[in-house]
Amino acid sequence: MAILKKLKAVKIKQNHLLGIQDLSLSDVSLILEEAKSFISLNKSSSKKIDLLRGKTQINLFFEPSTRTQSSFELAGKRLGADVMTMNIVNSAIKKGETLIDTAMTLNAMHPDIIVVRHQDSGAPNLLSQKVNCSVINAGDGRREHPTQALLDALTIINRKGKIEGLKIAICGDILHSRVARSNIYLMNMLGAEVNVVAPKTLLPHSIEKLGVKAFTDMKKGLDNCDIVMMLRLQNERMHGSFVPSPREYYEYFGLTPDKLEMAKKGALIMHPGPMNRGVEIDTNLADDINRSLIKEQVEFGVAVRMSCLKIFCKKN
Amino acid sequence: MKEKYLLNARIIDPKNQIDELGGLIIESNGSIKAVGKKVTKDNIPSNSDKIDLKNKILLPGLVDMRVFVGEPGYEYKENFRTLSNAALSGGVTSIVSMPNTSPVIDNVSMVDFLKRRGRDKSKINIFPAASLTKNTEGKEMTEFGLLKKKGIIGFTDGIKTVQDPQLMARIMNFASQSNSLIMQHAEDNILSNGGSINEGEISTRLGLKGIPSLAEKIIVERDLSFLEEYFCRYHISQISSEKALSVIRRNKDEGIIFSAGVSINNLSLNENDIGDFKTFLKLSPPLRTEKDRVSLVKGINDGSIDVIVSDHKPEDEESKRLTFSQAATGATGVETLLPLALELYHNKLIKLEKLISLMTSNPSKILGIDKGTLEVGKDADLCVLDINKPWVVKQNELRSKSKNTPIENRMLQGQVIKTFVKGEIVFERN
């Protein structure tokens with residue numbers, strides 16, 4: 001926590017939370033400090049407060065989501081906001097209505113904050129230019145998923161006390177992963193050393209330019225790591241188009257006890273979910289309460305999102 | 001029309017390696033009667049129509065080999081009248097129109113329509129291209145011979161590439177019979193599928209699927225391999241990468257005869273200009289790295305690249321106001337082609353005469369048309385240029401119907417002050 005304590009939390013400059021790339025260290029520390037106060041609230045018997053009473057939060061999901069959507073919904077409700085969730089996967093946008101049209105329609109309802117997930121990178125940026133309220137990015141294409149990275153940071157800090165000086169390996173489908181990108185930016189900013197591990201076909205072009213070391217040998221990539229973050233490999237990418245088969249992938253890139261041996265003793269395991277047990281992670285490891293932070297990630301996710309809603313909702 | 005006497009100009013005619021102070025006489029039929037240093041105020045009739053160009057540059061009207069018109073089918077993006085106004089304000093007097101209209105220019109009945117509309121609504125010379133394949137579907141070749149006879153200048157699928165190698169080989173083989181010009185947009189669709197930006201650090205940061213340079217290089221290599229077997233008039237519309245350039249250079253060194261173009265956008269911008277998802281800079285081929293851009297400038301100087309085009313592709317607001325991956329590709333550019341190209345001269349990267357040749361005499365030679373020169377007897381298609389005049393690009397001041405300029409607010413140096421087509425003044429700037 002040292003790095004966070006050094007900085008006195010000041011107000012955030014941005015009107016929107018579009019990506020970790022737009023945040024400064026003090027912005028991050030403000031969000032994480034706020035989030036900490038909500039962790040205990042979420043554990044108490046009366047979880048609801050009226051911080052955002054009278055505010056309207058619209059969750060605009062163009063892509064199916066279980067965790068992130070319910071997490072944002074709960075976060076808004078616990079803060080007392082009126083929360084409306086719109087799943088547009090099969091709605092107007094398919095009938096030819098553009099993102100902008102949808103945004104203008106919603107804008108006319110005077111929301112205070114819009115949480116958006118979209119399959120196209122940059123969609124929240126476009127949205128933010130067209131509406132009068134704050135926009136929080138809940139995942140856009142392959143670009144960013146800032147609240148996921150922030151909750152990951154909070155989870156690590158809760159266990160390890162700090163992020164500075166830690167060695168973190170992010171493993172799996174880096175190419176298609178917004179979680180990986182946001183985490184690379186955030187963990188670097190907070191002073192960690194970041195390795196990415198993936199088969200060459202799932203490593204994005206010039207990934208080293210983002211300030212990481214890239215490995216295609218998992219044992220080398222995990223060497224001496226404090227944290228192992230696993231990513232989901234989507235089903236359609238497992239069967240020949242990017243990797244030959246789930247079992248070949250598991251053999252070389254699945255997190256197994258023998259590969260985890262290479263990491264530091266007591267290294268912790270994270271996963272943004274949903275997991276493919278037996279494809280990217282050994283099922284016993286995923287459930288090992290001494291090593292797996294997966295449940296805490298979900299728990300702290302609500303706290304982080306409450307913090308983001310509070311901070312950004314106040315902007316307008 | 002009376003004869004016109006243009007005096008006190010710096011005359012640049014790259015085809016004849018002329019760069020001298022002098023004048024130009026336009027005959028009453030609109031052709032050039034005399035040109036050069038001998039044309040001065042002392043040896044012309046005193047009662048004649050004199051235009052003092054005050055030491056401004058007089059050069060041949062520009063020939064732009066890659067322009068999307070919008071007629072028929074996309075009149076809301078651009079029509080012949082707006083295109084003509086835009087082109088003339090940039091000194092462009094001849095264009096090759098791309099066949100990607102609706103319907104596609106792929107049969108002889110469309111050619112008359114185009115020529116008629118072009119003649120009635122515009123003042124520029126329109127040289128229509130037809131598609132290589134029917135409906136640009138890449139499956140069946142069009143009637144090269146008949147279309148050419150009707151006045152089609154060359155064949156291209158425009159924004160598309162013939163993917164099927166067997167068909168492409170046959171096209172090149174067959175087209176040589178009618179001596180038709182093939183113009184290929186080089187892009188392997190499978191490699192570029194879903195991509196909207198150069199593959200590299202920026203695509204990784206923005207989370208956009210990239211288009212690798214290899215998608216371009218592979219088609220260039222493929223077609224040039226065919227060219228060895230099936231010689232025809234072959235032109236690569238516009239390249240964007242150092243990789244493709246090196247293939248072109250190698251083949252030219254080996255003596256293979258073909259030509260290649262580059263869009264002014266790829267010479268003046270790079271992928272960093274896309275910034276925060278600016279869809280006006282979503283282009284095809286994509287803007288690439290600064291290293292690629294610099295190599296393309298070098299490619300011009302060493303003769304690997306023959307032509308600079310505007311790749312003028314007007315898109316309405318609705319087509320661009322979308323997420324980056326969904327937005328239409330392309331940018332307007334016909335009216336800023338010359339001023340933007342002049343940056344390369346002002347920055348001492350390309351000599352003026354060389355630069356102008358890539359937009360006048362070289363395209364004319366490739367197309368086989370009597371344009372792009374100030375030779376006596378040729379049509380007086382002229383452009384008068386104030387090479388040092390500073391100005392700022394403002395989309396609302398541009399004449400194209402669509403406003404998707406990739407260089408909004410760019411400070412440029414050099415502006416066209418007069419344009420002539422067949423001896424008539426068709427554009428004048430105060």
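Select B:Glu221, which counts as partly exposed at 28% relative accessibility; the label covers values between buried (under 20% relative accessible area) and exposed (over 50%), worked out with a 1.4 Å probe on protein chains only. Before going on, a word on the model: it is predicted, local features need pLDDT of at least 70, side-chain atom pairs count only at pLDDT 80 or more, and totals for chains, interfaces and linings use all residues. Residues are numbered from 1 along each chain as its sequence is written, chains are lettered from A and ligands numbered from 1 in the order in which they are written, and side-chain values use heavy atoms, with hydrogens and water left out.

B:Glu221 forms a salt bridge with B:Arg250, and their closest N and O atoms are 3.3 Å apart. A salt bridge here is a side-chain nitrogen of Lys or Arg within 4 Å of a carboxyl oxygen of Asp or Glu. B:Glu221 sits in helix α7 (residues 213-229) of chain B and B:Arg250 in helix α8 (residues 242-253) of chain B, so the pair ties together parts that are 29 residues apart in sequence. Helices (H or I, at least four residues) and strands (E, at least two) are DSSP runs, numbered from the N terminus. B:Arg250 is partly exposed too, with a relative accessible area of 41%.

**Stop two: more salt bridges**

Next, pick B:Glu71 and B:Arg117, whose closest N and O atoms are 2.7 Å apart in another salt bridge. B:Glu71 belongs to the loop between β6 (62-67) and α1 (80-89) of chain B, while B:Arg117 is in helix α2 (residues 108-121) of chain B, so this pair joins parts 46 residues apart in sequence. Which of the two is buried? B:Glu71 is, with a relative accessible area of 2%, whereas B:Arg117 is partly exposed at 28%.

For a network, select B:Lys15, B:Asp370, B:Glu375 and B:Lys378, which salt bridges link together. Over all chains, the whole structure has 37 salt bridges.

Then try B:Arg205 with B:Glu201: a salt bridge, with the closest N and O atoms 3.0 Å apart. They are four residues apart in helix α6 (residues 201-206) of chain B, or about one helical turn.

**Stop three: where the chains meet**

Show both chains. 16 residues of chain B are in contact (heavy atoms within 4.5 Å) with 22 residues of chain A. About 1700 Å² is buried between them, 53% of it from carbon and sulfur atoms; buried area is the accessible area (1.4 Å probe) that two parts lose on being put together, summed over both. B:Thr204, B:Arg205 and B:Arg321 supply 36% of the area that chain B buries against chain A, more than any other three residues. How many salt bridges cross this interface? The rule finds zero.

**Stop four: inside chain A**

Finish with helix α5 (residues 123-130) of chain A. Six of its eight residues are buried, so the helix is largely enclosed by the rest of the structure. Among them are A:Ala123, A:Pro124 and A:Leu127. To see what covers the buried residues of α5(A), show chain A's β1 (56-61), α4 (99-107), β3 (113-118) and β4 (134-140), which are included in the cover.

Last, select strand β6 (residues 193-197) of chain A: four of its five residues are buried, so β6(A) is also largely enclosed by the rest of the structure.
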